[in-house]
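Subject: Structure handover

Hello,

Here is the structure I promised you. Please open it and keep it beside this email as you read.

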Amino acid sequence: MSSGHRQRDVEQQRPLLDEEEAAVAAAARSSHMEAKQVWFIQDGCGMVCAFITWFLVFFADFVVTFVMLLPSRSFWYAVVNGVVFNSLAVLALASHLRTMLTDPGAVPKGNATKKYLESLQLKPGEVIYKCPKCCSIKPERAHHCSICKRCIRKMDHHCPWVNNCVGEKNQRFFVLFTMYIAMISSHALALCGYQFITCVRVQWRECSDFSPPVTMMLMIFLCMEGLLFFTFTAVMFSTQLHSICNDETEIERLKNEKPTWERQTRWAGLRSVFGGQPSLLWINPFAGLRLSALLPRRVRRGGAEFNV
């Protein structure tokens, strides 16, 4: 490596990995060859939050279906609202799974080797950065996540409700998750309002298969859940679209980092996140899903595949 090449650590000065350390790092990576190629963060708080998210969605589906729709005297009212609500719930949970199980753009660990640096063909005087925590060369706009223990490209934030970072490769699914949760929350609130008016008119007789106290309690819990989830996800959905259109992550905005990159236009930013020209695929969380990626397979040595 020429004397003109320099390297700066993010937090402290640290020498590059020598060839012996690189060999140890390669051996450690090769020890996981039989592991599944599924990205999953083993964080206790994140797993609990993800479970709570699924439980609350199923609770809302139970109240909407068995408390408000099935006892309804209007067949088409029950069918139409049931199909719409359950379809949105499936899309929301699918988006949650894709966000949680998709690699957000992690930089491979231990790639700060002399051989790798030589392959970059750096120009004299060019500055690169190495993360002292995961011993990787940090691309531009990458940040280290202390929970994922990896550097994430275009890291926006770490969200415990999806038990994962929101980054370059899974931001689209996180946006869809917030959108669909906001939609089913508003739908549940509307159904609760209509159901409450109906029950008051008939003096709580024959408006539900459950007793009036149980019906009232379930509807109150659903209203509280719907209001809380709608407020949170609507705000997150708005901030995510704002970040995408401005080509600026939440971390970059909070740190007030001056952009060293050329900002994309709004449409270019949207296309880079959602992929291609506007179409129904933008709002489809199943688009691009490959079931083979969820099956056990060997990890290629030196490739872009890695495990958590």
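This is a predicted model: local features need pLDDT of at least 70, side-chain atom pairs count only at pLDDT 80 or more; totals for chains, interfaces and linings use all residues.

Helix H5 itself covers residues 171-201, which makes 31 residues. From its first C-alpha to its last, H5 reaches 46 Å. That is close to the 45 Å expected at 1.5 Å a residue.

**Other positive phi values**

Lys 149 has a positive phi of about 60 degrees, although Lys 149 is not a glycine. Look for Lys 149 in the loop between E4 and E5. Is Lys 149 buried or exposed? Its relative accessibility is 52%, so Lys 149 counts as exposed.

Asn 163 is another residue to check. Its phi is near 50 degrees, again a positive value in a residue other than glycine. Asn 163 lies in the loop between strand E6 (157-159) and strand E7 (164-166). Relative accessibility is 0% for Asn 163, so this residue counts as buried.

**The hairpin**

Strand E4 holds residues 142-145, and strand E5 holds residues 150-153. In which sense do E4 and E5 pair? They pair in the antiparallel sense, over four bridges. Follow the pairing across. Ala 142 stands opposite Arg 153 in E5. His 144 stands opposite Cys 151 in E5. Four residues lie between the strands of this hairpin.

**Cysteines**

How many disulfides does the model have? The count comes to one. Cys 199 and Cys 207 form it, with their sulfur atoms 2.4 Å apart. A disulfide is a covalent bond between the sulfur atoms of two cysteines. The link of Cys 199 and Cys 207 is right-handed, with 100 degrees about the S-S bond. Both Cys 199 and Cys 207 are buried.

The cut-off for a disulfide is 2.5 Å. Cys 49 has a relative accessibility of 12%, so Cys 49 counts as buried.

**A nonpolar patch**

Next, turn to the surface. Val 48, Phe 51, Ile 52, Phe 55, Trp 161 and Phe 232 form a nonpolar patch there. Together they have about 600 Å² of accessible area. Which helix gives the largest share of the patch? Helix H2 (residues 44-69) does, with four residues. In a helix of the α type there are 3.6 residues a turn, so residues three or four places apart point the same way. Phe 232 has its place in helix H6 (residues 212-246). At 41% relative accessibility, Phe 232 counts as partly exposed.

**Salt bridges**

The count of salt bridges comes to six. Side chains of opposite charge can pair when their charged atoms come close.

Start with Asp 247 and Arg 141. Their side chains meet in a salt bridge, at 3.1 Å from N to O. The pair links distant parts of the chain, 106 residues apart. Asp 247 is in the loop between H6 and helix H7 (250-254). Arg 141 is in the loop between strand E3 (136-138) and E4. Asp 247 is buried, with a relative accessible area of 5%. Arg 141 is buried as well, at 13%.

Arg 141 also forms a salt bridge with Glu 252, and here the closest N and O atoms are 2.9 Å apart. Glu 252 lies in helix H7, so the pair ties together parts that are 111 residues apart in sequence. Both Arg 141 and Glu 252 are buried.

Then comes Lys 154. It forms a salt bridge with Asp 247, the closest N and O atoms being 3.9 Å apart. Lys 154 lies in the loop between E5 and E6, so this pair ties together parts that are 93 residues apart in sequence. At 21% relative accessibility, Lys 154 counts as partly exposed. Salt bridges that share partners join Arg 141, Lys 154, Asp 247 and Glu 252 into one network.

Best wishes

Key
Residues are numbered from 1 along each chain as its sequence is written. Side-chain values use heavy atoms; hydrogens and water are left out. Buried means under 20% relative accessible area, exposed over 50%, partly exposed in between (1.4 Å probe, protein chains only). Patches are made of residues with over 30% relative accessible area and no salt bridge: like charges are joined within 9 Å, nonpolar side chains (Val, Leu, Ile, Met, Phe, Trp, Tyr) within 5 Å. Accessible areas come from the Shrake-Rupley method with a 1.4 Å probe; for residues, only the protein chains shown count as cover. A salt bridge is a side-chain nitrogen of Lys or Arg within 4 Å of a carboxyl oxygen of Asp or Glu. Helices (H or I, at least four residues) and strands (E, at least two) are DSSP runs, numbered from the N terminus. The expected span of a helix is 1.5 Å times one less than its number of residues. Two strands pair if DSSP finds at least two bridges between them.
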